Amino acid sequence: MIKITVINGSPRKNGATASLLKMMVAHLNMKKDIDVTYYNIIDFSLKSCTGCMSCYNKGICCLDDEVEVINKNISESDGIIIGAPTYSSNMPGSLKTFIDRGHFVVEQALSGKYTFALSTYEISGGGHVLSELKNLFQCSGGIVSGSFSYKLPFNTSPFENPKIEKKIIAKTEKYYNAIVKRKSKSLINRIINRIALHVVMKPEVLKRTKQYKAVIERWKALGVVR
């Protein structure tokens, strides 16, 4: 069974971003070997990261909310899809709050997982949001397996354009096939992850092994260190 976590990073449960994500989910659910979990990030009253770094030492966040429920589901998934609208040329704060607490980059939470980034926008900045999500995926060990960005007027349905449904279904099918065929990382994907992990993070973490106890344990499981 292939398990996929889908995260709607929009504060709007039925906006354009959610509509596109739900179309992806509907297509994936037509497959017999798929188990999809869908989250509206706005359903969770997530607290902002305080920078205490206890997660690096203990492996879990010290703040008392439901963030670890989502994190656990991601850890058990084969793939992750994140969608976000564009607010002030960036992703919404609610999604950024989750990403800050998602054990993504240093802990390499997406190692070997297939990723898909989706963004919507009205004026500009959609490409920037898409780039930020893809960079997050690559630096976190993920396998970038698709992306989609769509410009449309505020408070309208993306499916008013009859071509969009076909496009998003084609993108979803390609993403699904990447997982089934166990497609490997692209060269640029491997380079970015290697630089982030081995050149930037590894030397600093190994200087403070006690502080990064849980990270070291995670890296040993992944074969990053012995």
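Visitor: Which residues have the most contacts inside the largest nonpolar core?
Guide: They are Ile4, Ile81, Leu118 and Phe148, in a core of 26 residues. A nonpolar core is a set of buried Ala, Val, Leu, Ile, Met, Phe, Trp, Tyr and Cys residues joined through side-chain atoms within 4.5 Å. Buried means under 20% relative accessible area, exposed over 50%, and partly exposed in between, with a 1.4 Å probe and protein chains only. This is a predicted model, in which local features need pLDDT of at least 70 and side-chain atom pairs count only at pLDDT 80 or more, while totals for chains, interfaces and linings use all residues. Residues are numbered from 1 along each chain as its sequence is written, and side-chain values use heavy atoms, with hydrogens and water left out.

Visitor: Changing topic, how many salt bridges are found in the whole structure?
Guide: The search finds 8. A salt bridge is a side-chain nitrogen of Lys or Arg within 4 Å of a carboxyl oxygen of Asp or Glu.

Visitor: Which residue does Lys13 meet in a salt bridge?
Guide: Lys13 meets Asp43, at 2.6 Å from N to O. Lys13 lies in the loop between β1 (2–8) and α1 (16–28), and Asp43 in the loop between β2 (34–40) and α2 (54–58), so the pair ties together parts that are 30 residues apart in sequence.

Visitor: What about Arg101, is that residue buried or exposed?
Guide: Arg101 counts as buried, at 4% relative accessibility. Arg101 forms a salt bridge with Asp65, and their closest N and O atoms are 2.5 Å apart. The pair links distant parts of the chain, 36 residues apart: Arg101 is in the loop between α4 (93–100) and β4 (114–121), and Asp65 in the loop between α2 and α3 (67–75).

Visitor: Where do Asp100 and Lys96 lie?
Guide: Both lie in helix α4, 4 residues apart, about one turn of the helix. Asp100 is partly exposed at 42% relative accessibility, and Lys96 is partly exposed at 38%.

Terms used. Helices (H or I, at least four residues) and strands (E, at least two) are DSSP runs, numbered from the N terminus.
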